[in-house]
There are 2 protein chains.
Amino acid sequence: MQSYEFLLIIAVILLSTKVFGLLSERVHMPQVVGALIAGIILGPSVLGLVEETDFLLKTSEIGVIILMFMAGLDTDIEELKKTGLASFVIALIGVLVPLGAGTLLYLGFFPDPSDPLHLLKAVFVGVVLTATSVSITVETLREMGRLKGKVGTAILGAAIIDDIMGIVVLTLVSAMTDPTVNPISVLLRIVAFFVLVVVVGLIMYRLFRVMTKEWGNHRRIAIYGFAFCLILSFVAEHYFGIADITGAYFAGLILCNIMEAREYINKKMTVLGYMIFSPIFFASIGIKTELDGMTASLLVFSVALLVVAILTKIVGCGLGAKIMGFTWSDSLSVGLGMVSRGEVALIVAQKGAQSGLVDSSLFPPIVLVVIVTTLITPILLKLFMKQPAEGSAPEIRHEHI
Amino acid sequence: MQSYEFLLIIAVILLSTKVFGLLSERVHMPQVVGALIAGIILGPSVLGLVEETDFLLKTSEIGVIILMFMAGLDTDIEELKKTGLASFVIALIGVLVPLGAGTLLYLGFFPDPSDPLHLLKAVFVGVVLTATSVSITVETLREMGRLKGKVGTAILGAAIIDDIMGIVVLTLVSAMTDPTVNPISVLLRIVAFFVLVVVVGLIMYRLFRVMTKEWGNHRRIAIYGFAFCLILSFVAEHYFGIADITGAYFAGLILCNIMEAREYINKKMTVLGYMIFSPIFFASIGIKTELDGMTASLLVFSVALLVVAILTKIVGCGLGAKIMGFTWSDSLSVGLGMVSRGEVALIVAQKGAQSGLVDSSLFPPIVLVVIVTTLITPILLKLFMKQPAEGSAPEIRHEHI
């Protein structure tokens with residue numbers, strides 16, 4: 001007979017993330033912060049009530065896919081066209097600065113010229129710092145009603161490009177230790193994926209437009225939309241080695257121009273998200289944190305890594321935004337929005353560990369960076385991001401929280 | 001790295017259950033039939049595309065919990081009070097008739113007086129036939145707009161009582177082979193569970209009424225409601241050995257008297273259900289079916305078992321309804337609604353196999369009974385259940401399918 005404990009775990013996650021979310025709202029912070037803290041408290045670092053299971057892993061994966069699908073659906077294509085180049089520049093400088101700084105920091109803390117892989121290991125720490133995870137930022141911007149604005153779109157666009165750059169850098173670095181991975185074939189696969197997205201996108205866009213005209217807003221539209229998102233996520237990950245969330249975002253992007261369907265699907269995905277999948281995703285980030293095994297010297301390195309992680313994204317991405325003509329205030333917001341590392345950095349670190357380039361002792365510092373940058377991003381955004389001058393209202397879903 | 005195949009599997013299940021559901025609607029059958037057929041086609045008996053994983057098992061468990069929670073929320077307490085005794089009589093005769101007939105059928109087909117457990121094995125086949133699973137009926141009645149009527153409430157009530165009687169009978173029979181299970185302690189646990197439900201119910205009813213008055217229809221009401229449902233499901237299964245769906249139904253029952261909250265929670269659960277969990281549940285029933293290993297004599301037994309399974313519930317429950325003053329037509333509907341065995345019979349069979357009372361060769365016939373009764377119940381209901389004379393409209397959710 002199967003164990004039914006997962007039912008209790010879901011209930012505990014739902015209740016604790018909601019209660020802590022409402023508490024964090026009381027002190028004018030996004031509910032996401034509360035949800036993350038709830039996860040840390042439930043996880044092995046504090047109460048040890050919930051541990052990561054295959055079921056939670058998969059459910060939280062669906063959660064992050066739903067978040068990125070909704071981000072895609074919410075994207076203003078016209079705005080993205082306008083900020084396309086800006087996003088590229090933001091992402092590029094925002095990848096190069098932490099990559100360099102992370103490498104130098106590791107070399108400074110752990111000098112060991114006898115190891116032939118030493119430089120490569122240092123570069124890998126830099127790679128870990130490149131991976132932005134904007135799902136937290138997306139949720140925060142959505143709560144603040146700023147997701148669809150210039151800053152929000154630039155961040156989303158930059159995060160997508162950042163994701164791809166991160167994968168390219170990661171694969172290139174990994175390729176140097178493993179002769180079976182061919183960097184050129186990886187680049188070709190990435191190009192192939194985008195060709196696929198364009199072709200499938202054109203077909204699906206037409207198909208969904210016809211279906212919406214034919215049936216109006218029926219359940220099936222939302223179900224087919226969600227299924228499409230899941231398939232594209234799977235295809236990206238399975239056949240192209242690209243993060244599934246990139247597939248989910250593009251699925252949303254393809255459908256975001258069909259106004260009626262977009263809003264209907266988004267509404268259903270929102271319910272699906274907040275009723276079960278998003279809380280599990282946010283809690284799982286906290287649950288991943290095992291803060292044991294920290295020595296004093298590692299703690300110093302952790303703090304240094306953390307400072308570098310935060311400053312390099314703010315400076316790198318902010319600089320990119322400023323170069324592209326954003327105001328100082330908007331440049332700062334863009335930089336702040338890109339600080340959060342989330343689960344992508346953990347995945348990169350895990351890949352590094354698999355190829356022997358990241359020592360397991362580096363996991364606590366990396367986890368700390370992930371947690372703190374994730375916690376701090378919404379707080380920094382709330383503190384330093386100016387509320388929209390035109391008084392545009394927050395998006396609808398805010399009202400029902 | 002984890003495999004991302006589960007994303008594809010969810011997408012395939014969503015698409016196939018929806019497409020087959022719409023096709024079955026074309027031929028005036030409930031969408032549930034199409035969803036079940038989609039599951040059989042995906043499963044090992046036909047295409048073998050999808051196999052049961054821990055993730056699917058848990059997701060489909062959430063699906064059946066959501067279905068029963070919504071059934072509880074939909075329950076008309078006033079109607080249940082009126083039909084309480086009727087439900088009891090329906091359930092009682094509806095358990096005794098298939099129990100006796102199943103036992104006799106097995107004794108007739110497999111006479112083996114040398115086996116000391118022979119009679120017990122025969123009784124266990126009877127026990128398998130007692131377990132009604134009304135989630136299919138619930139979905140069908142909901143589609144037909146008959147869930148809240150006299151027949152629907154009687155069926156739901158009888159199914160709950162049937163569930164408990166089934167567990168009592170199952171535990172009593174199992175207890176005879178295993179001296180560690182004490183039938184009296186089992187009975188005490190069942191009584192204790194109902195005491196708990198009444199006490200917790202009174203508290204939760206007040207709590208949710210206050211919260212609804214305080215906040216109105218906020219997301220948190222739906223989230224807390226769902227969490228409460230999950231906790232009661234877990235508690236029933238884990239501490240009392242009662243099916244989790246009984247807990248889910250009672251959670252719904254407790255909240256069904258808070259009109260505003262009830263409708264709001266139901267709406268959110270409906271989205272959660274049709275967007276992912278219900279399709280997975282219905283498909284998983286089909287996926288469970290492995291129709292290999294059928295011999296000719298087993299096939300004859302299967303057909304006989306199937307006929308007995310269908311007729312004994314119609315006659316037993318119909319008789320109960322007739323005794324309690326239902327019209328002939330309504331009595332037939334009640335009998336038909338109780339025919340479906342669903343996953344409960346499979347669970348009972350599995351428990352029998354664990355205690356050595358059900359031979360694995362009996363699994364294909366039992367699975368056939370489950371599948372066919374599940375398939376046939378909505379068809380029979382659609383064919384023989386009179387549409388309501390008062391022209392009451394189908395429930396709202398029908399419109400958006």
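The model is predicted, so local features need pLDDT of at least 70 and side-chain atom pairs count only at pLDDT 80 or more, while totals for chains, interfaces and linings use all residues. Residues are numbered from 1 along each chain as its sequence is written, chains are lettered from A in the order in which they are written, and side-chain values use heavy atoms, with hydrogens and water left out.

**Chain A**
- Chain A has 15 helices and 0 strands, taken as DSSP runs numbered from the N terminus (helices H or I, at least four residues; strands E, at least two).
- Of its 401 residues, 61% are buried, where buried means under 20% relative accessible area, exposed over 50% and partly exposed in between (1.4 Å probe, protein chains only).
- Among contacts (heavy atoms within 4.5 Å) in chain A between residues at least 6 apart in sequence, 80% join residues at least 24 apart.

**Interface between chains A and B**
- Chain B contributes 55 residues to the contact and chain A 54 residues.
- The buried area, meaning the accessible area (1.4 Å probe) that two parts lose on being put together, summed over both, is about 5500 Å², and carbon and sulfur atoms give 74% of it.
- On the side of chain B that touches chain A, helices 1, 3, 9, 11 and 14 of chain B each supply at least two residues; helix 9 gives the most, with 12 residues.

- Leaving aside neighbours within four places in sequence, B:Phe226 is in contact with residues including A:Leu14, A:Met275 and A:Ile276 of chain A, and B:Ile62 and B:Phe69 of chain B.

**Salt bridges**
- The whole structure has 4 salt bridges over all chains, each a side-chain nitrogen of Lys or Arg within 4 Å of a carboxyl oxygen of Asp or Glu; between chain B and chain A the count is 0.
- A:Asp54 pairs with A:Lys58, with the closest N and O atoms 2.7 Å apart; both lie in helix 3 of chain A, 4 residues apart.
- A:Asp54 is partly exposed at 36% relative accessible area, whereas A:Lys58 is buried at 14%.
- A:Asp162 and A:Lys313 form a salt bridge at 2.8 Å between the closest N and O atoms, and both are buried.
- In chain B, B:Lys313 and B:Asp162 meet in a salt bridge (2.8 Å, N to O), linking helix 12 and helix 7 across 151 residues.
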